[in-house]
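Here is a walk through a model of protein and DNA, written for someone who likes to know the cut-offs behind each value. Have the coordinates open as you read.

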Protein chains: 2
Amino acid sequence: MELTPRQKEIFEFIKGFIKERGFPPSVREIGERFRIYPRAAFDHLRALERKGYLKRKGSMSRGLKILVFQGYESRGSSQRAGPHGEHLKKEGRLLSREVPVLGRVAAGKPTLAVEHVEGTIPLPIEWLKGKEVFLLKVKGDSMSPYILPEDYVIVRSQPAAENGDVVVTLVGEEATVKRFFRKGGKVELRPDNEHWETLQIEEGSGEIQILGKVIGVFRKC
Amino acid sequence: MELTPRQKEIFEFIKGFIKERGFPPSVREIGERFRIYPRAAFDHLRALERKGYLKRKGSMSRGLKILVFQGYESRGSSQRAGPHGEHLKKEGRLLSREVPVLGRVAAGKPTLAVEHVEGTIPLPIEWLKGKEVFLLKVKGDSMSPYILPEDYVIVRSQPAAENGDVVVTLVGEEATVKRFFRKGGKVELRPDNEHWETLQIEEGSGEIQILGKVIGVFRKC
DNA sequence: ATGTATACTATACATTTGTTTAGTTGTCAA
DNA sequence: TTGACAACTAAACAAATGTATAGTATACAT
């Protein structure tokens, strides 16, 4: 159920009010803000409740609870409802998922051939929605100073990339993190650190394999 | 200012109430919970406000705003075995904890007086063991390229630092991330980015306040 | 001994606030 | 054209709610 522009306006005001002051606005405060009568504001609250954006608790003053925070749920999307590695909050909402940290990445295998899983780290589930993600502990300083040795990179499994993306690729036996560029028929893997050399490979030669795109960095000092 | 056991009990109830229902309790609801008269509950609210734990907004119904989220002084023990924000694995082992993301940090208060909690992010509990930790979303590029704008820094609450530590300090009204050095009687706050200037302050002048040490960085690309 | 702080009872008052009743106006689809 | 919905006005009611007045009892420090 979508909101009308007016309802959205009012919903945004309520969210902002709570964020700023720590408690929801009263019916009259909403009315004052939009120069409408309490009854009109009240009607809007009922509409917002009917559409599932908030809940009104009985007839309590300021008895509002925001239910929808960003957009909606990705309805019917690929919520990886795996049986393992998920954490439940008391209410039952998913908040984090155990993401595997891969040591070495096996050659040949598509993406997640789990030769060496060094452990797992819980990550916020919002950052993983609908994605197949793994972590990699970075060894070299080829992407310094953007990514430093010992950093964990959060990698989204995907077999292709766009110009400028930071990718994890399998060159020979080793997994490396580089910046990806395609120029004409050639693929370039550029390090951010100038002390390292750019790799140039013919496209489609099969010499490299893109494992995924770096969508985050995790540094534990 | 420490809370009495009774005040702590009531403060915990208020925090739990907000977390569960989305809005603060009324004076009478507090009274009913503890079987005391509205006036007694009201007195407790005034005590909690006087001690800086919450703020009452005028005479508005449920006009409460929590200011202090994590325990009091971390004198001695620290492990906040709070009932909220923790995730349990199916076997019952703790793996992650919801860590608050602070927007602005209030001046004056010891360490953890919080103006705006923008949300929470689950972090691996092993990284937080025995520490009092919060997150801060970085705004400027003064620590670039080590820390970039929009990065989250993981901050361990502590009132002092050692040379070379990256710290979060309160200079005037604003919280800034800089590298800390002490030389003779002067404190230096150096940015990694040369385009920014080093701040020099007399030690013990009270002009700056160390909020904590950066123990991690979180980048969502 | 006196003052201050905590923690409460009991009643009362004045708003604040959610909600009701009773309508109007405009849009848009069946 | 009829009906549903959105978006409102205007006034009123009853309940919820913050707060004041006026006290009691206990603990602790000066």
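Let us begin with the DNA. α2 (27-34) and α3 (38-50) of chain A, together with α1 (5-21) and α3 (38-50) of chain B, each supply at least two residues of the surface near DNA strand C. Here "near" asks for a heavy atom of the residue within 4 Å of the strand, while helices (H or I, at least four residues) and strands (E, at least two) are DSSP runs numbered from the N terminus. α3(B) gives the most to this surface, with five residues.

Before going further, a word on the ground rules. This is a predicted model, in which local features need pLDDT of at least 70 and side-chain atom pairs count only at pLDDT 80 or more, whereas totals for chains, interfaces and linings use all residues; side-chain values use heavy atoms, with hydrogens and water left out. Residues are numbered from 1 along each chain as its sequence is written, and chains are lettered from A and ligands numbered from 1 in the order in which they are written.

Around DNA strand C there are 25 residues, and those that come nearest are Val27(A), Arg39(A), Arg56(A), Arg62(A) and Tyr37(B). By class, the surface near DNA strand C has six nonpolar, eight polar and eleven charged residues. In this scheme Ala, Val, Leu, Ile, Met, Phe, Trp, Tyr, Cys and Pro count as nonpolar, Asp, Glu, Lys and Arg as charged, and the others, Gly among them, as polar. Sugar or phosphate accounts for 59% of the atoms of DNA strand C within 4 Å of the protein, and bases for the rest.

α1 and α3 of chain A, with α2 (27-34) and α3 of chain B, each supply at least two residues of the surface near DNA strand D. Which helix gives the most to the surface near DNA strand D? That is α3(A), with five residues. The surface near DNA strand D divides into six nonpolar, eight polar and twelve charged residues, and 61% of the atoms of DNA strand D within 4 Å of the protein belong to sugar or phosphate.

| Residue | Protein atom | Phosphate oxygen of | Distance |
|---|---|---|---|
| Val27(A) | polar backbone atom | DNA strand C | 2.5 Å |
| Gly58(A) | backbone N or O atom | DNA strand C | 3.0 Å |
| Arg6(B) | polar side-chain atom | DNA strand C | 2.9 Å |
| Thr4(A) | polar side-chain atom | DNA strand D | 3.0 Å |
| His44(A) | polar side-chain atom | DNA strand D | 2.9 Å |
| Arg50(A) | polar side-chain atom | DNA strand D | 3.0 Å |

**Where the chains meet**

Now for the protein partners: 39 residues of chain A are in contact (heavy atoms within 4.5 Å) with 39 residues of chain B. Together the two chains bury about 3,700 Å², 59% of it on carbon and sulfur atoms; buried area is the accessible area (1.4 Å probe) that two parts lose on being put together, summed over both. Phe23(A), Trp127(A) and Arg219(A) supply 17% of the area that chain A buries against chain B, more than any other three residues.

Eleven residue pairs are in polar contact across this interface (both at pLDDT 80 or more). The largest share of the side of chain A that touches chain B, seven residues, comes from β12(A). Five bridges join β12(A) to the antiparallel strand β12 (residues 208-220) of chain B, where strands pair if DSSP finds at least two bridges between them. Within that pairing, Phe218(A) has Phe218(B) as its bridge partner.

**Backbone details**

Cis peptide bonds with omega of about 5 degrees join Ser144(A) to Pro145(A) and Ser144(B) to Pro145(B). Pro145(A) lies in the loop between β6 (133-137) and β7 (152-157) of chain A. Arg62(A), one of the residues nearest DNA strand C, has a positive phi of about 55 degrees although it is not a glycine.

Note on methods: Polar contact = N/O pair within 3.5 Å; in protein donor to acceptor, adjacent residues only side chain to side chain.
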